[in-house]
Amino acid sequence: MAGTKALLMLENFIDGKFSPCSSYIDSYDPSTGEVYCRVPNSGKDEIEAAVKAAREAFPGWSSRSPQERSRVLNQVADLLEQSLEEFAQAESKDQGKTLALARTMDIPRSVQNFRFFASSILHHTSECTQMDHLGCMHYTVRTPVGVAGLISPWNLPLYLLTWKIAPAMAAGNTVVAKPSELTSVTAWMLCTLLDKAGVPPGVVNIVFGTGPRVGEALVSHPEVPLISFTGSQPTAERITQLSAPHCKKLSLELGGKNPAIIFEDANLDECIPATVRSSFANQVRSYVKRALAEGAQIWCGEGVDKLNLPARNQAGYFMLPTVITDIKDESCCMTEEIFGPVTCVVPFDSEEEVIERANNVKYGLAATVWSSNVGRVHRVAKKLQSGLVWTNCWLIRELNLPFGGMKSSGIGREGAKDSYDFFTEIKTITVKH
């Protein structure tokens with residue numbers, strides 16, 4: 001970037017090379033509200049070129065041994081870790097999250113995603129059975145699917161993009177990825193590391209742009225047999241419609257309205273700090289106004305406290321942490337996902353009541369339960385309609401185990417075995433001897 005006021009210009013990464021685009025869209029610094037970056041406004045032509053490159057790279061990449069692919073993924077992880085501070089600074093500026101969070105969670109977890117799948121690809125086993133009376137042996141093999149279409153969201157840009165790229169590559173697929181046009185910078189920076197890590201041209205292609213132009217072209221492309229998407233339910237519905245004529249494999253990780261259930265015997269010294277972090281980390285003004293109109297009480301934050309900002313940040317996207325009480329379960333604040341620092345606090349009287357109320361939303365991604373009663377923890381966790389339940393903790397992940405939601409929170413699971421199963425096709429082979 002030449003000069004302090006020059007805009008950062010991103011380019012698509014196709015077939016191992018950066019390619020300019022004929023048109024661009026503005027990307028904003030959320031701390032100031034000013035344009036600081038221009039993102040390619042790509043479309044069908046760029047997707048066509050990326051899919052062609054991925055298809056041509058597929059035979060060579062898929063024929064490499066798991067050990068060879070593992071070495072490349074570990075090299076990507078090493079290079080990313082060496083640039084951790086640079087990536088953290090970029091993620092914080094582009095997405096708006098704190099620098100501390102980018103340094104301690106987003107970028108380290110992105111590194112770990114590559115390392116984890118570099119290791120797990122070496123330890124999968126297959127099934128084998130014998131039919132001695134017929135002189136037959138049966139066994140299974142898994143083969144990569146082909147070109148993987150990957151679409152990642154704005155809230156955890158590099159974290160969730162690498163959570164998709166790493167297992168797709170590890171299994172032997174090639175990739176065409178579309179990051180969110182709102183937070184594209186770290187994906188573009190990742191491209192600069194791929195050649196250094198030994199990733200062959202065409203194995204990973206990243207095309208920037210909007211959902212209606214790039215996303216739809218990718219999802220509807222007949223030579224992209226699978227789509228992994230993290231984002232909103234309406235977009236997932238559109239992906240399903242576009243994919244149906246081609247019978248594509250779909251993994252859809254959608255929204256959540258995650259209850260935090262705090263019983264009277266919870267350890268508040270542990271519970272309150274974790275619940276504050278989970279409520280305010282990534283949860284907007286219209287919701288607060290609607291809550292007020294419904295008769296709710298705002299204890300702090302929006303509409304109650306004054307937000308004092310430096311002059312350069314007056315137009316930035318800032319909002320005070322807001323706590324709402326006296327709100328009905330049917331309120332939009334209780335049933336819809338709010339991407340802003342807003343939490344609703346409501347009392348309950350019994351275990352049965354809180355389970356019914358927690359399950360009375362269309363989502364089922366995650367939940368937390370706080371109690372010192374071990375029996376209660378197990379009972380409640382089992383009855384909650386959530387794909388993941390944390391008890392007496394929050395955001396501790398075991399990557400070997402499945403992650404994904406129930407109900408309107410998505411289809412499919414991600415994790416060591418689940419991601420491997422999704423990014424491969426299983427085949428049964430029978431040998432008569």
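Phe13, Phe18 and Trp188 are joined by ring pairs into a cluster. Keep in mind that you're looking at a predicted model. Counting ring pairs through the model gives 7 aromatic pairs. One of them is made by phenylalanine 116 and phenylalanine 117. How do you describe a pair like that? You use the distance between the ring centres and the angle between the ring planes. For phenylalanine 116 and phenylalanine 117, the centres are 5.1 Å apart and the planes meet at 85 degrees, so this pair is edge-to-face. The cut-off for that label is an angle over 60 degrees. Both phenylalanine 116 and phenylalanine 117 are buried, too.

Look for arginine 376: its charged end is over the ring of phenylalanine 263, 4.2 Å from the centre. Then find arginine 109, which lies over the face of tryptophan 163 at 5.0 Å from the ring centre.

Now on to helix 10, which covers residues 285-293. Which of its residues are buried? They include Tyr287, Val288 and Ala291. Looking down the axis of helix 10, you'd find the buried residues within an arc of 100 degrees, so they line one face of the helix. There's a handy rule behind patterns like this: an α-helix has 3.6 residues a turn, so residues three or four places apart point the same way. Just past the end of helix 10, glycine 295 has a positive phi of about 100 degrees.

Cysteine 247 is not a glycine, yet its phi is positive, about 50 degrees. You'll find cysteine 247 in the loop between helix 8 (233-243) and strand 12. Is cysteine 247 buried or exposed? Its relative accessibility is 70%, so it counts as exposed, since the cut-off is over 50%. Lysine 407 is another non-glycine residue with a positive phi, near 50 degrees. Lysine 407 belongs to strand 20 (residues 406-407) and is partly exposed, with a relative accessible area of 36%.

Go back to strand 12, residues 249-253, and look for glutamate 253. In UniProt, an unreviewed entry puts the feature "active site" at Glu253. Glutamate 253 has a relative accessible area of 9%, so it is buried; the cut-off for buried is under 20%. What does glutamate 253 touch, apart from residues up to four places away in sequence? Its contacts are Phe229, Thr230, Gly231, Leu365, Phe403, Ser409 and Glu414.

One last stop: serine 62, in helix 1 (residues 44-62). A polar atom of the serine 62 side chain lies 2.7 Å from the backbone oxygen of phenylalanine 58. The side chain of serine 62 also reaches the backbone oxygen of proline 59, at 3.3 Å. Setting aside neighbours within four places in sequence, serine 62 touches Arg69, Pro144 and Gly172.

Note on methods:
Residues are numbered from 1 along each chain as its sequence is written. This is a predicted model: local features need pLDDT of at least 70, side-chain atom pairs count only at pLDDT 80 or more; totals for chains, interfaces and linings use all residues. Side-chain values use heavy atoms; hydrogens and water are left out. Buried means under 20% relative accessible area, exposed over 50%, partly exposed in between (1.4 Å probe, protein chains only). Helices (H or I, at least four residues) and strands (E, at least two) are DSSP runs, numbered from the N terminus. The arc is that of the directions from the helix axis to the C-beta atoms. UniProt positions are given in the numbering used here, feature names are shortened, and annotations may be inferred rather than shown by experiment. Contact means heavy atoms within 4.5 Å. Rings of Phe, Tyr and Trp (its six-membered ring) pair if their centres lie within 6.5 Å; planes under 30 degrees apart count as stacked, over 60 as edge-to-face and the rest as tilted. A charge sits over a ring if NZ of Lys or CZ of Arg is within 6 Å of the ring centre and within 35 degrees of the ring normal. A polar contact is a pair of N or O atoms within 3.5 Å; within protein, one must be able to donate a hydrogen and the other to accept it, and residues adjacent in sequence count only if both atoms are side-chain atoms.
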